[in-house]
Amino acid sequence: MSHIVVKRPPRALPKEVPTDEVVLQAPPELPRGQQEGALMQLLPMLGMGGSVVFFFNPQAQPFMKIMGLVMVASTIGMGISMLVRYRRGSQGQMADMRRDYLRYLSQTRREALGTAKAQRDAQFYLHPSPEQLWALVAEGSRVWERRTGDEDFGQVRVGLGPQALATP
């Protein structure tokens, strides 16, 4: 009777799954004062522009026509200045802060999805699906990789189901 000594290589483990806690930043605070939108700022100007119609009727005197043109020019100038102020003012800053926060949230979402994918890959590496078991046996490199000292020795995959994300 003879003995065959098999020297097994050290166990190959899956890539490490991040387990650090994810802390979300608070969203930017809204200003305390009542903010009116651009439409509410433009509404009086639109009313002024609408009143110009009365200056351009055929029976109007030439002075009234000149006043109508001045009113149209001032309405356009006021509208442009309000839009510039709106874009540079607190509403514009708020829109920039909102855009930055949404960018931060999408980056955090990508990281969470990456963690979920890494966690899924690690679980499929440790507990392959029944359809994949024949490939592991035929390949031969992972057949006897678990030893009695491993913490997952004797664990068996029973099925699939939801699992909490590794990064709380």
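Here is a short chat about salt bridges and a surface patch in a predicted model.

Modeller: Quick ground rules: local features need pLDDT of at least 70 and side-chain atom pairs 80 or more, while totals for chains, interfaces and linings use all residues. Residues are numbered from 1 along each chain as its sequence is written, and side-chain values use heavy atoms, leaving out hydrogens and water.

Biologist: Which residue meets Arg11 in a salt bridge at 2.8 Å, N to O?

Modeller: A salt bridge here is a side-chain nitrogen of Lys or Arg within 4 Å of a carboxyl oxygen of Asp or Glu. Arg11 is buried at 17% relative accessible area (buried is under 20%, exposed over 50%, partly exposed in between, with a 1.4 Å probe and protein chains only). The partner of Arg11, at 2.8 Å from N to O, is Asp152.

Biologist: Is Asp152 buried or exposed?

Modeller: Asp152 also has a salt bridge with Arg146, their closest N and O atoms being 3.7 Å apart. Arg11, Arg146, Asp150 and Asp152 are linked in a salt-bridge network. With a relative accessible area of 10%, Asp152 is buried.

Biologist: What accessible area do Val72, Ile76, Ile80 and Val84 have together?

Modeller: Patch members have over 30% relative accessible area and no salt bridge; like charges are joined within 9 Å, nonpolar side chains (Val, Leu, Ile, Met, Phe, Trp, Tyr) within 5 Å. Val84 counts as partly exposed because its relative accessibility is 39%. Areas come from the Shrake-Rupley method with a 1.4 Å probe, and for residues only the protein chains shown count as cover. Together, the four form a nonpolar surface patch with an accessible area of about 330 Å².
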